[in-house]
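Please open the model in a viewer and keep the selection panel at hand.

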Amino acid sequence: MNFNSALENIKSYEAGKPIELVVREYGIDKDHIVKLASNENPFGCSPKVKDAVRTIIDNMSLYPDDSMVKLKSALVKKYDISSDELVIGAGSDQVIEFAIHAKAHSGSKVLMNSVTFAMYEIYAKQVGAIIVRTASREHNMEEFYALYQEHKPSIIFLCTPNNPTGDALDAQEMISFIEKVDKDTLVIVDGAYMEYARFKDPSKAVEPKDLIQKFDNVLFLGTFSKAYGLGGMRVGYGIAAAPIIKALYKVRPPFNITTLSLEAASVALEDEAFVTECIADNFKEMKRYEAFAHKKGIQIIDSYTNFVTLSLLQGQNSSEIAQALLKKGMIIRDLSSYGLNAIRVTIGTQVQNSRFFELAEPLL
Ligand SMILES: *Cc1c(COP(=O)(O)O)cnc(C)c1O
């Protein structure tokens with residue numbers, strides 16, 4: 001059967017292997033598998049969220065509140081914005097999809113970093129857009145500007161902190177770049193790990209309110225999947241000037257967020273103390289990864305996220321190492337599909353991290 005020809009050069013997204021698959025493929029007991037592959041919060045979500053979700057379990061027969069009033073008011077309050085500057089997606093992934101479908105079309109150009117979140121390319125290719133990438137591994141604003149001038153892209157993605165490398169842009173430097181960009185270019189600032197960056201170094205922190213007050217062509221993305229520990233609930237959001245949000249609403253399917261997810265995300269915002277504790281623990285544990293890499297002479301990229309990226313040495317093969325770890329029940333991310341001989345490891349609990357060091361010790 002023939003399909004839309006735009007699909008021909010799309011490679012499906014390769015998600016971190018689910019635990020269930022490793023149980024089946026390698027016959028390893030579920031309790032002995034550690035998944036440090038998708039940057040989830042190892043402590044899960046606030047206990048208050050679990051209690052709240054239990055109390056609404058009987059409400060599943062009705063469609064969700066499509067105005068999302070509870071979650072929207074909580075986010076409006078958190079970010080001091082107005083509700084017409086906010087859209088909620090089934091993960092920020094879905095907001096990326098909305099933005100690309102609303103702005104780009106066949107032949108549009110989409111500019112992004114050489115190594116970055118894979119979904120930008122996948123959604124862009126769905127509409128037949130052309131991908132333009134910088135050369136450096138880390139975001140380089142000069143390269144971005146040169147390619148911007150050459151290609152006049154309709155969308156620019158800035159992923160800060162960047163996945164899968166963990167580095168983050170200086171907020172001021174990013175703003176200076178956006179000031180030079182034409183108002184008809186949509187600049188998408190993906191802040192999936194912004195909570196971590198803000199904690200580690202305020203000079204990397206982007207305030208969505210400042211950003212959208214200053215620029216009417218910027219869309220900021222946030223998610224509940226990482227620091228808030230709700231990856232399974234699929235809730236993310238976009239913050240932008242009202243005309244952008246209005247356009248995104250035209251491509252949004254109705255009832256895109258379930259009742260349980262709306263409740264979980266709303267209540268998660270009531271327990272920021274939980275999230276801050278998890279983030280503090282994350283950076284404490286990150287020091288152990290830094291020490292491990294240092295001991296092995298492996299380069300570790302300075303990370304503003306809940307994962308570390310280890311650039312392996314010559315003679316160490318990231319795919320083989322990921323595979324060897326997998327056979328022992330340790331799921332991490334091989335970055336060879338990004339053209340890097342590197343592995344990405346999500347920072348887990350103290351026990352999970354110790355297990356990683358124990359298993360990786362003889363391999364690296
Ligand atoms: C995880 C991630 C997202 C999307 O997460 P959702 O679960 O769809 O909210 C977006 N961007 C980056 C860079 C990510 O790492």
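The stops below each begin with a selection.

This is a predicted model, in which local features need pLDDT of at least 70, side-chain atom pairs count only at pLDDT 80 or more, and totals for chains, interfaces and linings use all residues. Residues are numbered from 1 along each chain as its sequence is written, and side-chain values use heavy atoms, without hydrogens and water.

**Cores.** Select Ile178, Leu211, Phe224 and Phe356, which touch the most other members of the 87-residue largest nonpolar core (buried Ala, Val, Leu, Ile, Met, Phe, Trp, Tyr and Cys residues joined through side-chain atoms within 4.5 Å; buried means under 20% relative accessible area, 1.4 Å probe, protein chains only). Helix α12 supplies the largest share of this core, nine residues. The core lies between domain 1 (5-45 + 273-360) and domain 2 (62-268), because both give residues to it; the bounds come from an automatic or database domain assignment.

**Cavities.** Two cavities of 30 Å³ or more are found in the whole structure (on a 1 Å grid over the protein atoms alone, sets of points where a 1.4 Å probe fits but cannot get out; lining residues have an atom within 4 Å of a point; volume is the space filled by probe spheres set on the points, which are joined across faces, edges and corners).

Select Asn41, Pro42, Phe43, Tyr196, Cys278, Asp281, Asn282, Asn306 and Ile347 to display the lining of the largest cavity, whose volume is about 50 Å³.

Finally, select Tyr79, Gly191, Met194, Glu195, Arg198, Phe220, Leu221, Gly222 and Tyr237, which line the second largest cavity, of about 40 Å³.

Technical notes:
1 Å grid on protein atoms, 1.4 Å probe; cavity = no way out; pocket = protein on both sides within 12 Å on 5 of 7 lines; lining within 4 Å. Buried < 20%, exposed > 50% of the residue type's maximum accessible area, 1.4 Å probe, protein only. Helix = DSSP H or I, 4+ residues; strand = E, 2+ residues; numbered from the N terminus.
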